[in-house]
Every structure is written in structure tokens, then in C-alpha cells.
Amino acid sequence: AGIVAAGGRASAIGADLADTNAVAMLVARCEAVAPLSLLINNASSFSYDTAATATAASLDHNMRVNLYAPTLLAQAFHAAVQARRDTGVIINLIDNKVFALNPDYFSYTLSKVALQGMTHMLAMAFAPTIRIAGIAPGITLVSGDQDEQEFQRTHNNNLLGQGCTPEQILGAIDFILATPSYHGQTMVIDGGQVLQRRPRDIAFLKPESGDAAN
């Protein structure tokens, strides 16, 4: 609605990304409206479990939404673009956790590690028709039971004392789209958090002496 109000054209098409049948039809439904040139895999499942509490169900759900859906969408997108003898771009939203692993959010993290691997593999398989890149943000939005104060504490708990924002992610997308040679790589945006190699997820850590955040 906002895009239309600003004078653009937009259509919203929904699907349950945990349903592989719905995912299989999604690109064709979008292509019926307009030819696609960009796929951004941004949606994800995010819930807490540990290596000791993860279940087959939690692993399956996270893999379905965070790995299977992006893979199947990329496959269908590639086929559609190739059929038109065109080119396209895929951007996968990953997570800075994959570059500084800790065992919190176990099922979620496994799925994002796999998504990072998929990004590299598809970049090799789909070139030169499709250019593929990743963005790995740190904590960006309020999530779970966080209040605003808790969000700000974790958001700024990194070397620079400032975290990723939606606007910075959009800036990274603009850079990827404007840089035809950027391919198969993942951009980390987290204020240097991965350099601190912390043993737990940032949500469970208090700022340490010497940290940039207060």
C-alpha cells in the first residue's frame, strides 16, 4: 500500500514457507504478475532451543523455513529467469552467528549455517545466469520477550557500540545490486560483534569491561 501510495506498483502474494507444496508454486504465482529479476530470502523461523532440547520437529521446522524454502525458491527463480534468457540476483539474509558460532538457538543456527553453505554452492551452480550473495546482520529488531531497553543493550553490545539497522541492510542490498562483480560472498553487518567470539548468544550476555556499549 505504501509503494502504491508513492506512485509505484506492487503486489503482495502470500505463502506458508514451511509448506513445500506452497513454496513450489510461489515463483510461478509471482511470475504471473510480473517477470522476476530479484529474489531476497529474508523470512525465517526463530525460536529458542539448545543442543540438549532440540527435537526432530524443531529441526524440521527451521530447516523447512530457513533452508528448504530459500533453496526451492532459488531453484524455481533460476528456471524462470533462464527460460527468458535473462539474468537475475538472489540475496540470502543469513545471520552473523554463522561466523562466530555459539550453541544457543541450536536448530535455527544449524539452518543458517546450511543457508550460508547453500549460498556458496548455488553461486557456483547458477552462474552466470544468477548472481548470488548473502547478508549476515547482527541483532537488528526487537525480538522475543525483549523490551526496548533490553534491545538497545544487546543491539549496542559490540566493538563499535552500534548495531545493524534495517536501513543498513537496504544499503547493503543497494551495494550488491550496483556491483555486478559481487558474487558468492556474504557481507557481515554487526558493529564488529563476530570479532569478539562470545560463547553465548548476545541476548544472554551482559556488556563486559572494555566493551563499547554501556
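**Sheet, flanking helices and overall form**

Strand 3 (residues 130-137) runs parallel to strand 4, and 4 bridges join the two; strands here are DSSP runs (E, at least two residues), helices are likewise DSSP runs (H or I, at least four residues), and both are numbered from the N terminus. Two strands count as paired if DSSP finds at least two bridges between them. Within this pair, Ile135 stands opposite Met187 of strand 4. The model is a predicted one, in which local features need pLDDT of at least 70 and side-chain atom pairs count only at pLDDT 80 or more, while totals for chains, interfaces and linings use all residues. Residues are numbered from 1 along each chain as its sequence is written, and side-chain values use heavy atoms, with hydrogens and water left out.

Stepping back to the whole sheet, 4 strands form an open arrangement in the order 1-2-3-4, with parallel pairing. Strand 1 (38-41) and strand 4 (186-189) are the edge strands, each pairing on one side only. From one strand to the next the twist averages 15°. Angles run from 0 to 180 degrees between N-to-C directions, and axes are lines fitted to C-alpha atoms, for helices over the stretch in contact.

Helices also pack on this sheet. Helix 4 (residues 106-126) touches strand 2 (88-93), strand 3 and strand 4, and its direction makes about 160° with that of strand 3; contact means heavy atoms within 4.5 Å. Helix 6 (residues 166-178) touches strand 1, strand 2, strand 3 and strand 4, at about 155° to the direction of strand 3.

Turning to a helix pair, the axes of helix 2 (residues 20-31) and helix 3 (residues 56-83) come within 9 Å and cross at roughly 35°. Thr20, Val23, Leu26, Val27 and Glu31 of helix 2 meet Arg64, Ala69, Leu72, Leu73, Ala76, Phe77 and Ala80 of helix 3. These contact residues divide into 9 nonpolar, 1 polar and 2 charged, where Ala, Val, Leu, Ile, Met, Phe, Trp, Tyr, Cys and Pro count as nonpolar, Asp, Glu, Lys and Arg as charged, and the others, Gly among them, as polar.

Overall, the protein has 6 helices and 4 strands, running α-α-β-α-β-α-β-α-α-β from the N terminus on. Its radius of gyration is 18 Å, close to the 17 Å that the globule rule gives for 214 residues, so the protein is as compact as a globular protein of that length. The radius is taken over C-alpha atoms, and the rule is 2.2 Å times the number of residues to the power 0.38.
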